[in-house]
Amino acid sequence: MAGKRDKPEEIVLKLRQVEVLQGQGKSIADAVRQIGVTQQTYYRWRKEFGGMSRDQLKRLKELETENTRLRRAVSDLTLDKMILTEAARGNF
């Protein structure tokens, strides 16, 4: 059974909740159970998003979007160059 996917903003919020619960003296297992995820998920999230603020997360998403756009542009230009090279040789 597949569960719902949490958005990165929600993940950062849940990681903060676990930190608060740990500060109140709860164990990691209890804190993670209270936010409704498994320990494995918690540790994976902490590895990926640990220490990030919402602003940093927003900037990361912007950079990933820009990176995708630039990769697509480079691949389009490379394809155009290959087509023009073949046409210049007369192999069409």
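Select helix H1 and helix H3 to begin: Pro 8, Ile 11, Val 12, Lys 14, Leu 15, Val 18 and Gln 22 in H1 meet Tyr 42, Trp 45, Arg 46 and Phe 49 in H3. Contact here means heavy atoms within 4.5 Å. Helices (H or I, at least four residues) are DSSP runs, numbered from the N terminus. The model is predicted: local features need pLDDT of at least 70, side-chain atom pairs count only at pLDDT 80 or more, and totals for chains, interfaces and linings use all residues. Residues are numbered from 1 along each chain as its sequence is written, and side-chain values use heavy atoms, with hydrogens and water left out.

Keep H1 and H3 selected. Two packed helices are described by the angle between their axes and the distance between the axes. H1 and H3 pack at an angle of about 110°, and their axes are 10 Å apart. H1 is therefore roughly perpendicular to H3. Axes are lines fitted to C-alpha atoms, for helices over the stretch in contact, and angles run from 0 to 180 degrees between N-to-C directions. Angles under 35 degrees count as roughly parallel, over 145 as roughly antiparallel, 65 to 115 as roughly perpendicular and the rest as oblique.

Next, select the largest nonpolar core, which has 14 residues; Leu 15, Val 37, Tyr 42 and Phe 49 have the most contacts inside it. Helix H1 (8-23), helix H2 (28-35) and helix H3 (39-49) are the elements that give two or more residues to this core. H1 provides the largest share, five residues. A nonpolar core is a set of buried Ala, Val, Leu, Ile, Met, Phe, Trp, Tyr and Cys residues joined through side-chain atoms within 4.5 Å. Buried means under 20% relative accessible area, exposed over 50%, and partly exposed in between (1.4 Å probe, protein chains only).

Centre the view on Phe 49. Residues up to four places away in sequence aside, Phe 49 touches Pro 8, Ile 11, Val 12, Leu 15 and Leu 57.

Move to Lys 14, which is in helix H1. Is Lys 14 buried or exposed? Lys 14 counts as buried because its relative accessibility is 18%. Apart from neighbours within four places in sequence, Lys 14 is in contact with Asp 6, Ile 35 and Trp 45.

On the H1 side, the contact is made by Lys 14, Gln 17, Val 18, Leu 21 and Gln 22, and on the H2 side by Ile 28, Ala 31, Gln 34 and Ile 35.

Pro 8, Glu 9, Val 12 and Leu 13 of H1 make the contact with Arg 54, Leu 57 and Lys 61 of H4.

Stay on H4 and select Asp 55, which lies in this helix. Asp 55 is exposed, with a relative accessible area of 62%. Asp 55 and Gln 34 are 21 residues apart in sequence, and their C-alpha atoms are 26 Å apart in space. Leu 60 is also in helix H4, and at 29% relative accessibility Leu 60 counts as partly exposed.

Finally, select residues 53-80, for which UniProt lists "coiled-coil region" in an unreviewed entry. UniProt positions are given in the numbering used here, feature names are shortened, and annotations may be inferred rather than shown by experiment. Over residues 53-80 the chain is 96% helix and 0% strand, with the end C-alpha atoms 41 Å apart. Strands (E, at least two residues) are likewise DSSP runs.
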